[in-house]
Amino acid sequence: MTQFDKMNRRSVLAMGAGAAMVAGLPLAASAKTTLRYGHNNEPASVAGAQADWFAEALAEASGGDMEVQVFPASQLGKLQELAEAVSLGTIAFSHNTAGGIGSLYEPFGALDTPYLYRDVDHLMKVTDVSSPVMQMLNEGLIAAAGVRVIYSHYFGKRNLTCNKEIRSPADLAGVKIRAVPFPMYTTAVEGMGAVAVPVDWSEVPTALATGVVQGQENPVNVVLNVKLYEVQKNLMLTGHMTNAEMVVMNESVWQGLSAAQQAAVQAAAEATRIKATKAILDNEEAETQALRDLGMNVIGAEDGLDLEAFRASVSTLVSERFGERYGEIYDMIGKIA
């Protein structure tokens with residue numbers, strides 16, 4: 001490390017709202033930069049594991065100069081609280097859906113629009129931080145909330161689970177389905193024909209077990225790792241959202257890093273993005289089969305699941321609520337090959 005970098009770090013740490021305070025940690029005697037990463041997922045899930053992978057990759061890329069302490073499973077707060085904690089600077093990193101980040105800068109919600117992407121490759125090109133869409137949205141996020149997305153990874157295709165068999169939107173009439181508590185997600189659930197009940201992720205297993213809701217929607221990796229098969233009988237392969245999970249960083253922390261540290265963050269981000277995306281893609285089919293083996297009734301198009309009816313119903317409601325608001329973003333996304 002250069003003398004300039006050491007001086008730069010000392011000046012940053014000395015600031016009242018500097019990097020160590022932003023990370024929510026006391027100043028340490030050593031020169032190592034220690035930052036906190038809080039999230040809501042279980043460590044066994046890919047979304048949870050990738051936070052640990054990022055911490056490991058950053059330690060390696062920085063030559064041990066940077067340490068990330070990871071707090072999983074909502075230890076530091078619920079989804080909305082974690083988003084706000086990064087904005088306030090009480091933690092340095094977290095991850096969330098694009099819809100969740102939309103609570104900090106509303107246009108980000110467009111990236112979680114159901115049936116938006118042609119395939120996973122299209123999703124990953126759009127949500128790469130170097131894409132024109134992400135550059136535009138990141139500029140707005142930084143200005144609005146002091147937060148930037150540093151990478152995203154494929155999270156999976158969201159599917160419906162329920163304690164009754166569902167084959168069409170009509171089957172969901174009056175059925176209470178947990179929705180991620182952000183507008184695009186409640187719209188997706190309502191568009192599928194259900195009654196959307198916003199519930200934070202940390203409360204979902206209890207809400208399902210007690211009958212507060214009769215179903216929820218998530219990728220199969222989440223259903224398997226959180227053991228939702230213990231409280232849900234049926235998995236419908238609706239694939240209504242192709243999701244990226246986005247990892248965000250407090251902007252003051254980012255600006256307080258040296259150029260070498262920023263480069264290390266970027267290298268760790270790219271490595272983790274690739275590893276996590278591959279882990280999800282490689283295991284989706286096997287995890288679906290594992291859920292069958294564990295007793296879930298998996299219903300796909302070949303079993304009478306009316307995918308076109310779900311697409312039409314959801315897309316109509318999304319267009320009514322968001323078509324005009326996000327039209328420019330949708331046009332930009334459509335042009336990315």
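# A tour of pockets, cavities and packed helices

By class, seven nonpolar, eight polar and eight charged residues form the lining of the largest pocket, where Ala, Val, Leu, Ile, Met, Phe, Trp, Tyr, Cys and Pro count as nonpolar, Asp, Glu, Lys and Arg as charged, and the others, Gly among them, as polar. What you have open is a predicted model, in which local features need pLDDT of at least 70 and side-chain atom pairs count only at pLDDT 80 or more, while totals for chains, interfaces and linings use all residues. Residues are numbered from 1 along each chain as its sequence is written, and side-chain values use heavy atoms, with hydrogens and water left out.

**The whole chain**

Show the chain as a cartoon, and you can trace 14 helices and nine strands; these are DSSP runs numbered from the N terminus, helices being H or I with at least four residues and strands being E with at least two. The radius of gyration of the chain is 20 Å, close to the 20 Å of the globule rule for 337 residues, so the chain is as compact as a globular protein of that length. This radius is taken over C-alpha atoms, and the globule rule is 2.2 Å times the number of residues to the power 0.38. Along its principal axes, the C-alpha trace spans about 65 × 40 × 30 Å. Of the 337 residues, 56% are buried, where buried means under 20% relative accessible area, exposed means over 50%, and partly exposed lies in between, with a 1.4 Å probe and protein chains only.

**The pockets**

Return now to the largest pocket, which has a volume of about 490 Å³. Select Lys157, Asn159, Leu237, Thr238 and Gly239, which are the closest to its centre of the 23 residues that line this pocket. The elements that give two or more residues to this lining are strand E4 (147-162), strand E8 (234-250), helix H12 (259-293) and helix H13 (307-322). Which of them gives the most to the lining? E8 does, with five residues.

A pocket is found on a 1 Å grid over the protein atoms alone, as an open set of points with protein on both sides within 12 Å along at least five of seven lines, whereas a cavity is a set of points where a 1.4 Å probe fits but cannot get out; lining residues have an atom within 4 Å of a point. Grid points are joined across faces, edges and corners, and a volume is the space filled by probe spheres set on the points.

The second largest pocket holds about 220 Å³ of space. To find this pocket, select Val129, Val149, Ile150, Tyr151 and Gln266, the closest to its centre among the 15 residues of its lining. E4 and H12 each supply at least two residues here, and by class the lining has seven nonpolar, four polar and four charged residues.

**The cavities**

How many cavities of 30 Å³ or more does a search of the whole structure find? The search finds two. About 140 Å³ of space lies in the largest cavity, and of the 14 residues that line this cavity, Asn40, Leu79, Thr97, Phe155 and Asn218 are the closest to its centre. Strand E3 (93-97) gives the largest share of this lining, with three residues.

The second largest cavity contains about 50 Å³ of space, and its lining includes Leu79, Leu82, Ala83, Ser94, His95 and Val248. Helix H4 (79-88) and E3 are the elements that give two or more residues to this lining, which by class has six nonpolar, three polar and no charged residues.

**Helix H8**

Select residues 183-191, helix H8, in which seven of the nine residues are buried, so this helix is largely enclosed by the rest of the structure. The buried residues are Met184, Tyr185, Thr186, Thr187, Ala188, Val189 and Gly191. After H8 comes Gly193, whose phi is positive, near 110°.

**H7 against H14**

Next, show helix H7 (residues 132-145) with helix H14 (residues 327-335), which pack at an angle of about 150° with their axes 9 Å apart. Axes are lines fitted to C-alpha atoms, for helices over the stretch in contact, and angles run from 0 to 180 degrees between N-to-C directions. Pro132, Val133, Met136 and Leu137 in H7 meet Glu328, Ile329, Met332 and Ile333 in H14, a contact meaning heavy atoms within 4.5 Å. The residues of this contact divide into seven nonpolar, no polar and one charged.

**Last stop: Tyr229**

Finish at Tyr229, in the loop between helix H10 (220-225) and E8. Tyr229 is buried, with a relative accessible area of 19%. Not counting residues up to four places away in sequence, Tyr229 touches Val223, Leu224, Leu291, Leu294 and Met296. Tyr229 and Arg292 are 63 residues apart in sequence and 9.4 Å apart in space, C-alpha to C-alpha.
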